[in-house]
Amino acid sequence: MQKTIERREVREEDTAKIRELMHVMLNGDTYTSLQAISALGAIGAPAVGPLVQALLTVDNDARWVVAMALARAGAEAVEPLIGVVKTADDEITNPAVWALAEIGDRRAVDTLVGTLRTSGSECCRALTAAALLKLGDPAGIAEVQKEFDRSGEKFTGLAMEAFEGT
């Protein structure tokens, strides 16, 4: 019984710390925001749920900051980010795609290929193509090449610019 109570207290402390760090991340100056991003990434799995919730609810500029923290959380964030990419609109999908590319986990390839094929947004497709190139999976790279052939030089240039910038 005592261990259950102790675990609960730790969880409540973690939750409070995560809330505090998220507040700093979203409201602090650049330096303190980056420190909070790093700390949230170090917390890992316990921070992923609140970060994904923030990704779904904050404004567009803040989404990119949240995506940075999710990328720092690493592999623990992959499945939730895949869920976001599958269900969210492009404004939310774009930072999630970027975070998946930063994490570099090939579990994202199939979902990203689907997004590349179906997104109506050229920007989203270009970011997704860049993410697939960064992941380096042969199936993903083949799909990007098909998209380059279909969409032409302008799209290829956008995707390569996104790739070089990530």
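Predicted model: local features only at pLDDT ≥ 70, side-chain atom pairs only at ≥ 80, totals over all residues.
# A helical protein, question by question

Visitor: Where is the place of alanine 131?

Guide: Alanine 131 sits within a helix. That helix covers residues 122-135. Its name is H8.

Visitor: Is alanine 131 buried or exposed?

Guide: Buried means under 20% relative accessible area. Alanine 131 has 2% relative accessibility, so alanine 131 counts as buried.

Visitor: What separates the C-alpha atoms of alanine 131 and isoleucine 141?

Guide: Along the chain, alanine 131 and isoleucine 141 are 10 residues apart.

Visitor: How many helices and strands has the protein?

Guide: Read along the sequence, the pattern is α-α-α-α-α-α-α-α-α. The count is 9 helices and 0 strands.

Visitor: How do helix H7 and helix H9 pack, parallel or antiparallel?

Guide: H7 spans residues 109-118 and H9 spans residues 138-165. Their axes are 10 Å apart, at an angle of about 20°. Angles under 35 degrees count as roughly parallel. Therefore H7 is, relative to H9, roughly parallel.

Visitor: Is the crossing of H7 and H9 left-handed or right-handed?

Guide: These two helices pack with their axes 10 Å apart. Their crossing is left-handed.

Visitor: Which residues in H7 meet H9, and how do the residues of the contact divide?

Guide: H7 brings Val109, Val113, Leu116 and Arg117. H9 brings Gly140, Glu143, Val144, Glu147 and Phe155. The contact divides into 5 nonpolar, 1 polar and 3 charged residues.

Visitor: Is arginine 63 buried or exposed?

Guide: Arginine 63 lies in helix H4, residues 60-73. The cut-off for buried is under 20% relative accessible area. Arginine 63 has a relative accessible area of 9%, so arginine 63 is buried.

Visitor: What share of the residues in the protein is buried?

Guide: Alanine 131 is buried, and arginine 63 is buried too. The protein has 166 residues. The buried share is 44%.

Definitions and conventions:
Residues numbered from 1 in each chain as written. Heavy atoms only, no water. Helix = DSSP H or I, 4+ residues; strand = E, 2+ residues; numbered from the N terminus. Buried < 20%, exposed > 50% of the residue type's maximum accessible area, 1.4 Å probe, protein only. Axes fitted to C-alpha atoms, helices over the stretch in contact; angles between N-to-C directions. Parallel < 35°, antiparallel > 145°, perpendicular 65-115°, else oblique. Left-handed = near helix turned anticlockwise from the far one by under 90°. Contact = heavy atoms within 4.5 Å. Nonpolar A, V, L, I, M, F, W, Y, C, P; charged D, E, K, R; others polar.
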